[in-house]
Amino acid sequence: MIVGVPFVLGGFRWRFMGLVLAASACVGTASAQPQYPNRPIRFVVPLATGGALDIASRLFGQKLADAFGQQVVIDNRPGAGGIIGADIAAKAPPDGYTLMMGSVSHTVLPSMHKKLPYDIVKDFAPVSQLVTFPFLLLVHPSLPAKSVTELIAFAKAKPGQINYASGGNGSTAHMAAELFKSLTGINVVHVPYKGTAPALIGFLAGETGLAFYSASATMAHVKAGRLRALATTGAKRSPSLPDLPTVVEAGVPGFETGSWAGVLAPIGTPKAIIAKLHGELTRILQLTDAKERLAAIDFEPVGNTPEEFGALIRKEVARWAKVVKESGAKLD
């Protein structure tokens, strides 16, 4: 009730009271809107369990659940090199309750397929790039090569007789191997699997002779002698493997690649929700235990803005289009 404001003109007085009541109703409606999030969040991972992308997704998913007080459900949707999961996420309601962990693979796929059921640039709202990480160039112990130079010489002596594994057509491991082939002139045969974990199982069994994998997925096997690491693919040596040379140091100029992971939401997700997710994810990156867990698996934290992440995605799409064209990479 409004008191202490005398009005002489009755009509003006009633019009004023109407405005006050309308404003009060608006405030009441706004305050009644549920706070985000008020129910579980689905976190789509477009690859099988066990890979670097899955490891990162589970780390951040748990931390988001702790921060929001809501369950974050990791929904692994492998298949078609990441297309199946991305399509599911792209077509989800843009309400903040479906997120996707995107990776370099999603910027490669547009160059490998004439038509995709979604557009990685137009159908997603970037939240933040979370991490970046190099690969290891690995060989199965059945191959005699103990260095990158020896691997190249062995492959040239046996053209078309060595297979390499990847988690699927258009995956980052596929592109890394194709770039390596292009720069060294070797002829090795691509064997795509339905996900990183199945590819690693086949690699360990000797079905393939070489592959590019993250340290997080393979270090235990390297230490146990089940796989042999020849080099790291980054611009600098890995802090966790300081004695391992980069591929460039090992004699392949111009070879530098790796992967990254970042969170995307369906396009149209409210900016306020994007901002809240971004704030929480970048806060998580500063937590001591999160930093330690990321360092242990050779992940380097990033935490850029939605705008910066969007620019990276567009840049990567153009970059990999050039690599695909120059290498002649194709679907197997």
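**Figure 1. Surroundings of D298 in the predicted model.** D298 touches T132, F133, P134, A215, S238, P239 and S240, leaving out residues up to four places away in sequence; contact means heavy atoms within 4.5 Å. This is a predicted model, in which local features need pLDDT of at least 70 and side-chain atom pairs count only at pLDDT 80 or more, while totals for chains, interfaces and linings use all residues. Residues are numbered from 1 along each chain as its sequence is written, and side-chain values use heavy atoms, with hydrogens and water left out. D298 sits in the loop between α10 (288-296) and β10 (300-301). Helices (H or I, at least four residues) and strands (E, at least two) are DSSP runs, numbered from the N terminus. D298 counts as buried because its relative accessibility is 11%; buried means under 20% relative accessible area, exposed over 50%, and partly exposed in between (1.4 Å probe, protein chains only). The side chains of D298 and S238 are joined by a polar contact of 2.8 Å. A polar contact is a pair of N or O atoms within 3.5 Å; within protein, one must be able to donate a hydrogen and the other to accept it, and residues adjacent in sequence count only if both atoms are side-chain atoms. Along the chain D298 and S238 are 60 residues apart, and their C-alpha atoms are separated by 7.3 Å.

**Figure 2. R228, a buried residue without a salt bridge.** R228 lies in strand β8 (residues 228-232). The nearest side chain of opposite charge, E150, is 6.9 Å away. A salt bridge is a side-chain nitrogen of Lys or Arg within 4 Å of a carboxyl oxygen of Asp or Glu. A polar atom of the R228 side chain lies 2.6 Å from the backbone oxygen of A145. Leaving aside neighbours within four places in sequence, the contacts of R228 include L137, L138, H140, P141 and K146.

**Figure 3. The largest nonpolar core and F124.** The largest nonpolar core has 85 residues, and F60, M101, Y118, F124, V148, L151 and F180 have the most contacts inside it. Strand β4 (residues 124-139) gives the largest share of this core, nine residues. A nonpolar core is a set of buried Ala, Val, Leu, Ile, Met, Phe, Trp, Tyr and Cys residues joined through side-chain atoms within 4.5 Å. Beyond its neighbours within four places in sequence, F124 is in contact with residues including A86, M100, Y118, L264 and I267. Another core, of 14 residues, lies apart from the largest one; L138, F203, A211 and L241 are among its members.

Figure 4. The structure holds ten salt bridges. One of them joins the side chains of R58 and D54 (3.0 Å, N to O). R58 and D54 are four residues apart in helix α2 (residues 52-68), so about one helical turn separates them. R58 is partly exposed, at 38% relative accessible area, whereas D54 is buried, at 6%. R283 forms a salt bridge with E280, with the closest N and O atoms 3.0 Å apart. Both R283 and E280 lie in helix α9 (residues 271-285), three residues apart, about one turn of the helix. Salt bridges that share partners join R42, D75 and R77 into one network. The side chains of R237 and E249 also meet in a salt bridge (2.9 Å, N to O). R237 and E249 both lie in the loop between β8 and β9 (258-266), so the pair ties together parts that are twelve residues apart in sequence.

Definitions and conventions. Lys, Arg positive; Asp, Glu negative; His and termini not counted.
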